[in-house]
Amino acid sequence: MEGRVSIQSKRKEAPAWVFSWKPLGRPLSARWLPFFLVAGFFAMMLAYLRVQVIPPKPWSAQKASMIHASDDEQGLALALRAREGGPFPSRFEPQSWSGAAEMEQALVAAGRPEPAPYVPALRGLVHVPLPSKVSLAAEAQPMWPKRVPADLSAIPTPTLRPTPVVYPLSAVAGVEIVGKLPAFTPAVDVAMAAESWRFLMQLDADGNVLECVSLAGGDQPGLISLTSWLRTISFKPDPKKTSRWIAVGVGFTNQVANEP
């Protein structure tokens, strides 16, 4: 069995440490010198420093006096003088005053004055004698002049004539009419004016009518004259298309005969 290895030999054989763990080798006097300096300074302070504690003086003497006041006039006067001159004087309460109720009634009556009742004074009527005969309507005169009726025969009566009006049945471009509509010379009866006319028309590039076909049928009176009149209308030209079809409607309105 091997012998025990001491710690000092282990330290010698150990490699070099990061920190030096050896004692610094300070003397014993250098360690105890600060302790003795502090202890001596504290002992000197205890020997020469004296702290004297003086009790505070009271603000006022702890004493009091008592006066017994009887219920006679002298006692009541002393009690009133003590309340008014003491450190806590009593407050004046109006309710405790004997004349408070009377004063309150006087203030309420002054704040609510009662108006004096109005009594109108009657005046006497002046007696005016009336005439025996009163005729008010006989002496009255008219205030406005007499109205003369106007002569309606002198006013010329315009002659109204049914005139055809063309309107498009769809929002297709190129239905605009160039210039004014030609005059419609044939006579228009009530049945023709009340009819809902619709036509399908073929136009060329210059806007001239090539074909005109009625969408309502071919047996209505006045269809031939209305178709011939539609062929004379010029529409807006469209050079991009050689021919196109449009749908129009024809209605009649009353216009003065000598106006367009």
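Biologist: What should I know about where the values come from?

Modeller: This is a predicted model, where local features need pLDDT of at least 70 and side-chain atom pairs count only at pLDDT 80 or more, while totals for chains, interfaces and linings use all residues. Residues are numbered from 1 along each chain as its sequence is written, and side-chain values use heavy atoms, with hydrogens and water left out.

Biologist: And what is the mean pLDDT of the protein chain?

Modeller: The mean is 78, and 80% of the residues reach 70 or more. pLDDT is the predictor's confidence in each residue, from 0 to 100. Among the elements, helix H1 (residues 7-13) has the lowest mean, 70, and S3 the highest, 88.

Biologist: How many helices and strands are there?

Modeller: The protein chain has 6 helices and 4 strands. Both are DSSP runs numbered from the N terminus: helices are H or I with at least four residues, strands are E with at least two. From the N terminus on, the order is α-α-α-α-β-α-β-β-α-β.

Biologist: In what order do the strands sit in the sheet?

Modeller: S1-S4-S2-S3, in an open sheet with antiparallel pairing. Strands S1 (160-168) and S3 (209-214) stand at the edges with a single partner strand each, so one side of each has no neighbour in the sheet. The twist averages 30° from one strand to the next. Two strands count as paired if DSSP finds at least two bridges between them.

Biologist: How many bridges join S2 to S4?

Modeller: 8 bridges join S2 (residues 197-204) to S4 (residues 243-256). Across that pairing, Phe199 stands opposite Val248 and Gln202 opposite Trp245.

Biologist: What about S2 and S3?

Modeller: Those two pair in the antiparallel sense over 5 bridges, and Leu203 has Val209 in S3 as its bridge partner. Their hairpin has 4 residues between the strands, and Gly207 takes a positive phi near 90° there.

Biologist: Is S2 mostly covered or mostly open?

Modeller: Mostly covered: 6 of its 8 residues are buried. Buried means under 20% relative accessible area, exposed over 50%, and partly exposed in between (1.4 Å probe, protein chains only). Over the protein chain's 260 residues, 12% count as buried.

Biologist: Which helix lies across the sheet strands?

Modeller: Helix H6 (residues 223-231) lies across S1, S2, S3 and S4, running at about 150° to S3. Axes are lines fitted to C-alpha atoms, for helices over the stretch in contact, and angles run from 0 to 180 degrees between N-to-C directions.

Biologist: Which residues have the most contacts inside the largest nonpolar core?

Modeller: Trp197, Phe199, Met201, Leu226 and Leu230, in a core of 20 residues. Such a core is a set of buried Ala, Val, Leu, Ile, Met, Phe, Trp, Tyr and Cys residues joined through side-chain atoms within 4.5 Å. S2, S3, H6 and S4 are the elements giving two or more residues to this core.

Biologist: What does Leu226 touch?

Modeller: Not counting residues up to four places away in sequence, Leu226 touches Phe184, Met192, Trp197, Phe199, Val250 and Phe252. Contact here means heavy atoms within 4.5 Å.

Biologist: Why does Thr227 count as buried?

Modeller: Because its relative accessibility is 14%. Thr227 is found in helix H6 and, leaving aside neighbours within four places in sequence, is in contact with Phe199 and Cys212.
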